[in-house]
Amino acid sequence: MTKQYPYSPSTFGDLADDGYQLTVYCGPCQRQVAMDLAKFPRDQSYLNRRYTCAQCGRAGQGVLSPGNCVEYRR
Ligand SMILES: [Zn+2]
């Protein structure tokens, strides 16, 4: 499968394919949870997505870590 570059992922499917890791942090609980991208709808945009802490119900902060995007190593 070929993709055009520069390329920026916009859906959960894109992130999963590229090996990204999504971690959600909750400040009040000092909790961090690694999310399984495969469990999100593949065609849904991850932009503006809200994550709720299961412990306190507040909004968590989602942080993406790059995965195997070797194309960006220059
Ligand atoms: Zn919390």
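Two strands pair if DSSP finds at least two bridges between them. I apply this rule throughout the entries below, together with the DSSP runs that define helices (H or I, at least four residues) and strands (E, at least two), numbered from the N terminus.

**Entry 1. Source and numbering.** I am working from a predicted model, in which local features need pLDDT of at least 70, side-chain atom pairs count only at pLDDT 80 or more, and totals for chains, interfaces and linings use all residues. Residues are numbered from 1 along each chain as its sequence is written.

**Entry 2. Overall composition.** I looked up the secondary structure and found one helix and four strands in the chain. Along the sequence, these elements follow the pattern α-β-β-β-β.

**Entry 3. The sheet.** In what order do the four strands lie in the sheet? I noted the order S2-S1-S4-S3, in an open sheet with antiparallel pairing. S2 and S3 are the edge strands, and each has a single partner strand, so one side of each is left without a neighbour in the sheet. As background, strands of a sheet pair through backbone hydrogen bonds, either parallel or antiparallel.

**Entry 4. Pairings, strand by strand.** I began with S1 (residues 21–26) and S4 (residues 59–65), which run antiparallel and are joined by five bridges. Within this pair, tyrosine 25 has glutamine 61 of S4 as its bridge partner. I then turned to S1 and S2 (residues 31–35), again antiparallel and joined by five bridges. Here cysteine 26 is bridged to arginine 31 in S2, and threonine 23 stands opposite alanine 34 in S2. Last, I looked up S3 (51–52), which pairs with S4 in the antiparallel sense over two bridges. In that pairing, the bridge partner of threonine 52 is alanine 59 in S4.

**Entry 5. The loop between S1 and S2.** The hairpin of S1 and S2 has four residues between the strands. Glutamine 30 lies in this loop. I recorded a positive phi of about 50° for glutamine 30, although this residue is not a glycine. Is glutamine 30 buried or exposed? Glutamine 30 counts as exposed because 7 C-beta neighbours lie inside 10 Å. The cut-offs are 20 or more other C-beta atoms within 10 Å for buried and 12 or fewer for exposed, with partly exposed in between; C-beta atoms are placed from the backbone.

**Entry 6. The loop between S2 and S3.** I looked up two residues here, asparagine 48 and arginine 50. Asparagine 48 has a phi near 65°, a positive value in a residue other than glycine. Asparagine 48 is exposed, with 5 other C-beta atoms within 10 Å. Arginine 50 is likewise exposed, with 7 other C-beta atoms within 10 Å. I also looked up arginine 50 against glycine 60: the two are 10 residues apart in sequence and 7.5 Å apart in space, C-alpha to C-alpha.

**Entry 7. Totals for the chain.** What percentage of the 74 residues of the chain count as buried? I recorded 8%. Of the contacts in the chain with a separation of 6 or more, 65% are between residues 24 or more positions apart.

Key. Contact = placed C-beta atoms within 7 Å.
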